[in-house]
Amino acid sequence: MTTHTTRMLILGSGPAGLSAAIYGARAGMAPIVVQGIQPGGQLTTTTDVENYPGFREVIQGPWLMEEMQAQAEHVGTRLMYDTIVEVDLSRRPFRLIGDGGDVYEGETLVIATGAQARWLGLDSEELLKGKGVSACATCDGFFYRGKKVAVIGGGNTAVEEALYLTNHSDEVTLIHRRDSLRAEKILQERLFANDKIKVLWNKGVECFIDGGGTAGLVGIELRDTVSGALSTIDVAGGFVAIGHHPATELFRGHIDLDDDHYIAVETGSTRTSVAGVFACGDVMDKVYRQAITAAGTGCMAALDAERFLAEVEFEEMREAAE
C-alpha cells in the first residue's frame with residue numbers, strides 16, 4: 001500500500017477534472033488526478049466534436065481528451081490509474097482509498113466524477129450510438145440539419161431537447177410511453193404550440209433500425225404500450241432523453257446532495273457543504289452538461305481550492321504568530 005499526498009486531489013479525468021488540474025498545477029499545487037473507471041470521461045466515447053472552441057474543423061472526442069491529459073501532465077499534474085472505493089471527508093487532509101489499497105490524501109479535494117446518461121438498454125441502441133443514436137441534442141443536433149429526428153422521453157429534458165432540435169429540423173417526433181408528459185406545464189405549452197413537433201403517445205422503442213454500411217440509423221420500430229401493435233417511423237437521428245445518473249454514490253452520507261443526487265454547491269461557486277471540498281462538471285451541473293461548461297467549472301474549482309488553502313494557511317500563520 002502506497003500513500004500519495006498532494007495539496008489538491010482531483011477525482012475524475014474528464015474536461016472538468018483535467019481543467020482543474022491544469023489550473024491547479026499552474027498555481028503550484030502539484031495536483032494528483034485519480035482517473036476512475038472511465039479515464040477521459042464521456043468525451044472518450046464521443047466521435048465528432050464540433051462545438052468545442054478553438055477548432056475550425058470537427059475533432060474527435062478521444063483526441064481532445066488525450067490533448068487535455070498531455071497538457072495537464074506537462075504543467076505538473078500526476079495522473080493515477082485507480083478507482084476510489086472509500087472516502088473520509090471528516091477531516092483534512094481528506095483521505096481516499098483506491099480499490100488496490102493505495103491511499104490518496106489531499107489538503108483540498110475536487111470532485112469531477114461526472115454523470116452518465118440513462119439509456120434504454122437495447123442492443124440496437126448500443127450498436128448505433130454515435131451513428132444516429134445520441135443522448136445529447138445540444139451536442140449532436142447540428143449534425144441532423146434538415147433531417148427527421150425523434151426524441152424519446154417525457155420529462156423536462158425530453159421536451160427541452162425536442163424544442164432545441166426544431167432549430168435544425170422541421171420534423172421532430174417526441175416518443176413517450178404514456179399518455180401524458182411529466183414535464184413542467186410551461187414547457188408542455190411550448191411543445192404543443194410548436195408545429196414542427198408531433199407527439200406519439202403510448203409508444204415504446206422496440207429497436208433502432210440500422211441502415212447498414214455507413215447509413216447508420218434510418219428508423220425506429222415502436223411498440224404500442226396499450227395494444228402491443230408494432231409500427232415504424234423513418235428518422236435519421238434518435239435522441240434518448242430519459243435522464244442522467246450523477247456519479248455520487250461514493251459521497252452519499254459524506255456531503256450534501258440535492259434531490260436528484262447531484263452534489264450541492266453554493267450558488268456561483270464550486271464550494272460544497274464540506275470546507276475544502278469542491279465539485280465541478282456534470283456531477284454538480286444538471287442543466288448544461290457540456291464539455292465547455294465542465295471545463296469552465298473545473299477552472300472555478302481550482303481557483304476556489306487555491307483561495308481556500310491561502311486563507312487556511314494565512315490563519316494558521318497568524319495563530320502561530322500570536
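1. Contact, a word used below, means heavy atoms within 4.5 Å. Helices (H or I, at least four residues) and strands (E, at least two) are DSSP runs, numbered from the N terminus. Keep in mind that this is a predicted model, where local features need pLDDT of at least 70 and side-chain atom pairs count only at pLDDT 80 or more, while totals for chains, interfaces and linings use all residues. Residues are numbered from 1 along each chain as its sequence is written, and side-chain values use heavy atoms, with hydrogens and water left out.

2. Let us start with helix α6, which covers residues 185-193. Which of its residues are buried (under 20% relative accessible area, with exposed meaning over 50% and partly exposed in between; 1.4 Å probe, protein chains only)? They are L187, Q188 and L191. Seen down the axis of α6, the buried residues fall within an arc of 100°, so they line one face of the helix; the arc is taken from the directions from the helix axis to the C-beta atoms. K185, I186 and A193 are exposed on the other side of α6.

3. What do the buried residues of α6 pack against? Their partners are α5 (156-165), β12 (172-175) and β13 (197-200). Two of these names, β12 and β13, come back in the next point, as members of a sheet.

4. The open sheet has 5 strands, in the order β10-β17-β11-β12-β13, and the pairing is parallel. Two strands pair if DSSP finds at least two bridges between them. The edge strands, β10 (133-134) and β13, each pair on one side only. Between β12 and β13 there are 4 bridges in the parallel sense, and K198 in β13 is the bridge partner of T173. Helix α5 packs on this sheet, touching β11 (149-152), β12, β13 and β17 (237-240), and its direction makes about 165° with that of β11. For that angle, axes are lines fitted to C-alpha atoms, for helices over the stretch in contact, and angles run from 0 to 180 degrees between N-to-C directions. As background, strands of a sheet pair through backbone hydrogen bonds, either parallel or antiparallel.

5. Now look at S134, which lies in strand β10. Is S134 buried or exposed? S134 is buried, with a relative accessible area of 5%. Leaving aside residues up to four places away in sequence, S134 touches W119, D140, G238, F239 and V240.

6. On to charges: side chains of opposite charge can pair when their charged atoms come close. The structure holds 13 salt bridges, each a side-chain nitrogen of Lys or Arg within 4 Å of a carboxyl oxygen of Asp or Glu. One of them joins E105 and R95, at 3.3 Å from N to O. This pair links distant parts of the chain, with E105 in strand β8 (residues 103-111) and R95 in strand β7 (residues 94-98), 10 residues apart. R95 is partly exposed, at 30% relative accessible area.

7. Strands β14 (residues 203-210) and β15 (residues 217-224) hold the next examples. K203 forms a salt bridge with D224, the closest N and O atoms being 3.1 Å apart; K203 is in β14 and D224 in β15, 21 residues apart. K203 is buried at 17% relative accessible area, and D224 counts as buried at 15%. R223 and E206 also meet in a salt bridge (3.1 Å, N to O). R223 is partly exposed, with a relative accessible area of 33%, and E206 is partly exposed, with a value of 33%. Finally, salt bridges that share partners join D258, D260 and K286 into one network.
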